[in-house]
Amino acid sequence: MKSYKNHPRYIKIADYICELIMLKILPVEERIPSVRRLASMLKANGNTVIRSYHFLADKNIIYRQRGKGYQVRACAPQYVRTYLTEKYYQRTLPDIFQTIYLLNISMNEIRERYQQFVQDHQDIILDQNKFQS
């Protein structure tokens, strides 16, 4: 889970769940970890996890099915992409642009490093068993 300064813990947890959805560790129309299980995994308060789940439900990313817990909506990847893209444009990109400007880094260098990053990270192996409900 990434640590963003000045972000409430429930937003950090929500962002973490969004990343798991985008990485398909949490597939659409499947259950996500129970509040108690996720709280234990992340060493978080159960109320904080509930707040994260409500936040994601308000964004139409997950829904609660009576008797089964929370599940990922079929349309979740689209909503997650929209949410994270907007957040990135508003919070992260301005800082990156400022750093690029201050250090006089060329766009060619950025492009080359990005292409190398993609190449280096194509074969990431993720521990999916950890997130099974």
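**Close-up views of a predicted model**

**View 1. K87 and D15, two buried residues joined across the chain.** Both K87 and D15 are buried, in a model that is predicted. Their side chains meet in a salt bridge, with a distance of 2.0 Å from N to O. This pair links distant parts of the chain, since K87 belongs to helix 4 (residues 76-103) and D15 to helix 1 (residues 9-22), the two residues being 72 residues apart. The count of salt bridges in the model comes to two, and the other pair is the subject of the next view.

View 2. The closest N and O atoms of R113 and E109 are 3.2 Å apart, and the two residues form a salt bridge. Because R113 and E109 are four residues apart in helix 5 (residues 107-120), about one helical turn separates them. With a relative accessibility of 60%, R113 counts as exposed, whereas E109, at 31% relative accessibility, counts as partly exposed.

**View 3. The second largest pocket and the residues that line it.** When the lining is sorted by class, seven residues are nonpolar, while no polar and no charged residues are present.

**View 4. E29, a non-glycine residue with a positive phi.** The phi of E29 is positive, at about 60°, although E29 is not a glycine. E29 is placed in the loop between helix 1 and helix 2, the latter spanning 35-42. Its relative accessible area is 38%, so E29 is classed as partly exposed.

View 5. N104 is not a glycine, yet its phi is positive, at about 55°. N104 has a relative accessible area of 69%, and because exposed means over 50%, N104 is classed as exposed.

Technical notes:
Residues numbered from 1 in each chain as written. Predicted model: local features only at pLDDT ≥ 70, side-chain atom pairs only at ≥ 80, totals over all residues. Heavy atoms only, no water. Salt bridge = Lys/Arg side-chain N within 4 Å of Asp/Glu carboxyl O. Buried < 20%, exposed > 50% of the residue type's maximum accessible area, 1.4 Å probe, protein only. Nonpolar A, V, L, I, M, F, W, Y, C, P; charged D, E, K, R; others polar.
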